[in-house]
Amino acid sequence: MIVQFFTPVVAIPIHGGIQLVSNGSRATLLRQQVNWSAVGWASLLLFPASMVGVVLATSIPAAAVRLIMAAFVLVLAWRPSVLRPDAGHRRSERSLVAVGAVSGFLNSTVGASGPVTSPFFRAVTATHAAFVATAAAAQVVAHSSKIVAFGLDGFPIGDYLGLIAIGAAGVTMGSLVGTRLLGGAGEAQLALLFKVVLTALALRMITQAVP
């Protein structure tokens, strides 16, 4: 995680740039499957919610933001059901307005919103391919809103374009390698590795926040 090397208010927009490329490529490849109506409804409150998140993230001490992010990561690792609410059966696309607002706020404060918002996009799409494509397209808008919000707050995103390019390349390579290795490990081993890595990252954030 980038926050291991930068303060949260620097790491979050850099992460947004990397995820913009990652989700953008996915949405482009699957563009025929995107439910654009769902993306539109989810985008209505994204920017104002992102601005609120940026104000909060930049107005509290960096140590507090690290602790919040560490708590989010630990919950994601050990109690993911808390972050993955049951979106129920087929839902109205208009219900995604509130989901978009939550996405904008979380993206700007803890850096990620996928675990919370994904079930709702799954509930408004008919196939898995449509879900992946629609969620990716929505995240493109979400991360774009986050970057603009941080930019309006004074963050010099242009100074980090090289790092974002390296990160985007790394994410792409990691996806390719991970896909090849996926068949060589069982679900239990992968789940344990996921928990160990996230826990280690969270503990490091805590040690950085608490001298």
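The crossing of H5 and H7 is right-handed, where a crossing counts as right-handed if the near helix is turned clockwise from the far one by less than a right angle, and left-handed if anticlockwise. This is a predicted model, in which local features need pLDDT of at least 70 and side-chain atom pairs count only at pLDDT 80 or more, while totals for chains, interfaces and linings use all residues. Residues are numbered from 1 along each chain as its sequence is written, and side-chain values use heavy atoms, with hydrogens and water left out. Helices are DSSP runs of H or I with at least four residues, numbered from the N terminus.

**H5 with H7**
- H5 and H7 pack at an angle of about 55 degrees, and their axes lie 9 Å apart; axes are lines fitted to C-alpha atoms over the stretch in contact, and angles run from 0 to 180 degrees between N-to-C directions.
- That angle makes H5 oblique to H7, since under 35 degrees counts as roughly parallel, over 145 as roughly antiparallel, 65 to 115 as roughly perpendicular and the rest as oblique.
- Ser103, Asn107 and Ser108 of H5 make the contact with Gln139, Ala142, His143, Lys146 and Phe150 of H7, contact meaning heavy atoms within 4.5 Å.
- By class, this contact of H5 with H7 has 2 nonpolar, 5 polar and 1 charged residues; Ala, Val, Leu, Ile, Met, Phe, Trp, Tyr, Cys and Pro count as nonpolar, Asp, Glu, Lys and Arg as charged, and the others, Gly among them, as polar.

**H5 with H2**
- Helix H2 (residues 36–43) packs with H5 at about 60 degrees, with axes 6 Å apart.
- H2 is therefore oblique to H5, and H2 passes H5 in a right-handed crossing.
- On the H2 side Ala38, Trp41 and Ala42 meet Leu96, Val97 and Gly100 of H5; these residues divide into 5 nonpolar, 1 polar and no charged.

**H5 with H6**
- Helix H6 (residues 114–123) packs with H5 at about 160 degrees, with axes 9 Å apart.
- The two helices H5 and H6 are therefore roughly antiparallel to each other, and H5 passes H6 in a left-handed crossing.
- From H5, Leu96, Val99, Val102, Ser103 and Leu106 meet Val116, Thr117, Phe120 and Phe121 of H6; the contact divides into 7 nonpolar, 2 polar and no charged residues.

**The cavity**
- The structure holds 1 cavity of 30 Å³ or more; a cavity is a set of points on a 1 Å grid over the protein atoms alone where a 1.4 Å probe fits but cannot get out, and lining residues have an atom within 4 Å of a point.
- About 30 Å³ of space lies in the largest cavity, a volume being the space filled by probe spheres set on the points, which are joined across faces, edges and corners.
- Its lining consists of Ala42, Leu46, Gly100, Ser103, Phe121, Ala138, Gln139 and Ala142.
- Helix H5 (96–109) and helix H7 (128–152) are the elements that give two or more residues to the lining of the largest cavity, and H7 gives the most, with 3 residues.
- By class, the lining has 5 nonpolar, 3 polar and no charged residues.

Definitions and conventions: 1 Å grid on protein atoms, 1.4 Å probe; cavity = no way out; pocket = protein on both sides within 12 Å on 5 of 7 lines; lining within 4 Å.
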